[in-house]
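Please consult both while reading the notes.

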Amino acid sequence: MTFTVTYGRRDGGPACLRLAGELDLATAPELNAAIDRLAAEGHRELLLDLAELTFCDSTGIAAFVRGDNLVTAAGGWLRITGATGRVARVLQVTGLAEVLSHEAGVADPATPAAS
Amino acid sequence: MVEHFREGLIVCDADGVVRHLSPVAERLLPEVVPGQVLAAAGVPALRADDPGEFTHHGRRLRLRGVGLSAGRRCWYVEDVTESVSRADALLAERARSAFLAVVGEKLGNPLHPDRAAAAVVRLAVPTVADVAVLVLTPRAGRARWWRAVRADDEAPAVDSGVLAAAALPSAIGEGLGGVEPHALDWLVEQAVEAGWLPGLDAAGATARVVPLPGREAPAGVLLVARRASRWYDDADLDLVRAFAARAGAALTTALLYRDQAEVADTLQASLLPVEPAAAPGVQWGTAYRPAQAGLRIGGDFYGSHRLVDGGSVFFLGDVSGKGVEAAVFTGQLRQCLHALHRVESQPGRLLKLLNDALLETTQAHGQGRFATMVLGVVRPHRDGGLTLTMAGGGHLPPLVLRASGEVEVVPLSGMLIGVVPDPRIGEVTVHLAPGETCLLYSDGVTEARDGRRGDEQFGAERLVHAVTGCHRMPAPALAERIEQVTCDWLGHGDHDDIAVLALRATGPVRPGRHLHAVPGPTGADRTRETEA
């Protein structure tokens, strides 16, 4: 199964990336590149929609953490939303759900999560 | 007109008397005089019917006879000295090229330095020497040498030895300085004195020394010697130097390769998990299988440290990424823990300290590096049980195999290490009765993908099922079993790093034998009781 990143900009809201498929060692560079591109364009607030993500290993987690470090350094934030099943379990076990979850975050904007 | 020909011309009549002699022929064969019998001219070749080539007055001449009418005969004579020597030079050059090609091929692959040195002297004999001695640049005041001696009808005999750098012949010392020594006579005597030239004596031998180019200084020098009847001329020397250049390159590569291999082995050994130290009341079991089996290192880690009170800190975890980079990170992490457990042995606080220590390096690194881990402290109980206090750093929760056969999932949660400044670290205390086991494992076990039927993960449920009924197994056997079932599930598919750490309560600690190994055992016992 392949991995895709689609960019969906919503007016006034954060830049949104929809991830679909499997995020692992082979595909994480794609996500890193997409996040780097958005950061370079000046986006400081990134929302990753994981609703269609079916697999995420430690490399994927690392990509989230790396992206968060990147935009936090510039005064922004990165949040994740919509994780289900296996991916949700990984985020739960690693405690990353608490750190990066869009719903649980306090610093998040009022705009509802994309789904 | 015949004067312009390259060939000289001699025409004889039916009686063999010379009737005509061209200027070229007159110059090449001054003995031949018109009006006299050719065969009587005093040139032996002229008496033969088909003399072909012969040497005359230092020139190489080619002669051919052609019969003319009325029994007359015509001889063409040509000076072929230069074309012959050109052909000889060409053959010699071809032989040299072929020799160097063989040398290049034999020394082309990286070899162990000793084998490269032996190959160099073996190749030098017999083409450039009857005896070839290679002396490597001394290390720590000692110079190793290899020698090949020509043996008739056999491969050259190779031997080697060591000389103190101070005892090296002076010509060798000069060569190691990058200079080709000039004192050739002394050179042979020095080599004879060093005992390097069996079967050759100083009077009957000729020798040369050429440096073997290295990276900065020469990698060594080559001494070539042979019987004085075959003097080293300029062409021979050029060949020896070309050979030395190739030998030097091969040796330099071999030495560099050895240095790198030594460094890699040392680093690799420092990155491998260290087996947990024996602890009273605890039976350890471990399994470790890195994804890149060839490297033998990976991103999973486990270990333990003894505490002065008789307990032990133990941990198992996984860092993001794979291979060498991940292994280096596990090394940093284990070093951190090694230092930090001396100032803090309460698992939750120790894990937070570790988090703060790693946070600096992970953020500076900028690649989102982090670790997930379970870190605990185990202390033996007088009844033979163990008390485990464990802190969760975003890792898979441990399993406990109860004496009843039941398998429990320890409700341990927490946040990954090295990501946020003040992570939430869960903590839980578990008591193991004698014979009960606590099992820590990495996600390489539960995320193993079915290698035969698709990509279904092994999963936590299958793991629980696999260890159910194994509660009587010793810890090492249990760890091995988990590795085995995981690998069976994988088939021949790729996998992530796999690590397992099992702790089994061995039962009552026999007083004396174990406690002697513990610093201040009775004091430790009291401390434990007040803490419990």
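Residues are numbered from 1 along each chain as its sequence is written, and chains are lettered from A and ligands numbered from 1 in the order in which they are written.

**Confidence in chain A**

- The mean pLDDT (the predictor's confidence in each residue, from 0 to 100) of chain A is 83, and 85% of its residues reach 70 or more.
- Helices (H or I, at least four residues) and strands (E, at least two) are DSSP runs, numbered from the N terminus.
- Over residues 104-115 of chain A, pLDDT stays under 50, and the model has 19 contacts beyond four places in sequence for this stretch. Two residues are in contact if their C-beta atoms, placed from the backbone, lie within 7 Å.
- Where pLDDT is low, the predicted coordinates should not be read in detail.

**Fold of chain A**

- Chain A contains 4 helices and 4 strands, and its pattern along the sequence is β-β-α-β-α-β-α-α.
- Of the 115 residues in chain A, 43% are buried. A residue is buried if 20 or more other C-beta atoms lie within 10 Å of its own, exposed if 12 or fewer, and partly exposed in between, with C-beta atoms placed from the backbone.
- Among contacts in chain A between residues at least 6 apart in sequence, 69% link residues at least 24 apart.

- Helix 2 (residues 58-73) of chain A has 16 residues and spans 22 Å from its first C-alpha to its last, close to the 22 Å expected at 1.5 Å a residue. The expected span is 1.5 Å times one less than the number of residues.
- Helix 2 of chain A is largely enclosed by the rest of the structure, because 13 of its 16 residues are buried.
- Asp68(A) lies in helix 2 of chain A and counts as buried, with 24 C-beta neighbours inside 10 Å.
- Not counting residues up to four places away in sequence, Asp68(A) touches Leu78(A) and Leu100(A).
- The C-alpha atoms of Asp68(A) and Leu78(A) are separated by 5.0 Å, although the two residues are 10 apart along the chain.
- After helix 2 of chain A comes Gly75(A), with a positive phi near 90°.

**Sheet 2-1-5-4-3 of chain B**

- An open sheet of 5 strands in chain B has the order 2-1-5-4-3, with antiparallel pairing. Two strands pair if DSSP finds at least two bridges between them.
- Its edge strands, strand 2 (18-21) and strand 3 (52-56) of chain B, each pair on one side only.
- Strand 1 (residues 8-12) of chain B pairs with strand 5 (residues 73-79) of chain B over 5 bridges, and Leu9(B) stands opposite Tyr76(B) there.
- Strand 1 of chain B is also joined to strand 2 of chain B by 3 bridges, with Ile10(B) opposite Leu21(B).
- Strand 4 (residues 59-67) and strand 5 of chain B pair over 7 bridges, with Val66(B) opposite Cys74(B).
- These two strands, 4 and 5 of chain B, form a hairpin with 5 residues between them, and Ala70(B) in the turn has a positive phi of about 55°.

**Sheet 12-13-14-15-18 of chain B**

- Another open sheet in chain B has 5 strands in the order 12-13-14-15-18, with antiparallel pairing.
- Strand 12 (300-306) and strand 18 (426-432) of chain B are its edge strands.
- Strand 15 (residues 386-393) and strand 18 of chain B run antiparallel and share 7 bridges; Leu388(B) has Val430(B) as its bridge partner.

**Gln268(B)**

- Gln268(B) is in helix 6 (residues 234-271) of chain B and is partly exposed, with 14 other C-beta atoms within 10 Å.
- Leaving aside neighbours within four places in sequence, Gln268(B) is in contact with Arg296(B) and Ile297(B).

**Contact between the chains**

- The contact takes 16 residues from chain A and 22 residues from chain B.
- The chain B side comprises 7 nonpolar, 10 polar and 5 charged residues. Ala, Val, Leu, Ile, Met, Phe, Trp, Tyr, Cys and Pro count as nonpolar, Asp, Glu, Lys and Arg as charged, and the others, Gly among them, as polar.

Terms used: This is a predicted model: local features need pLDDT of at least 70, side-chain atom pairs count only at pLDDT 80 or more; totals for chains, interfaces and linings use all residues.
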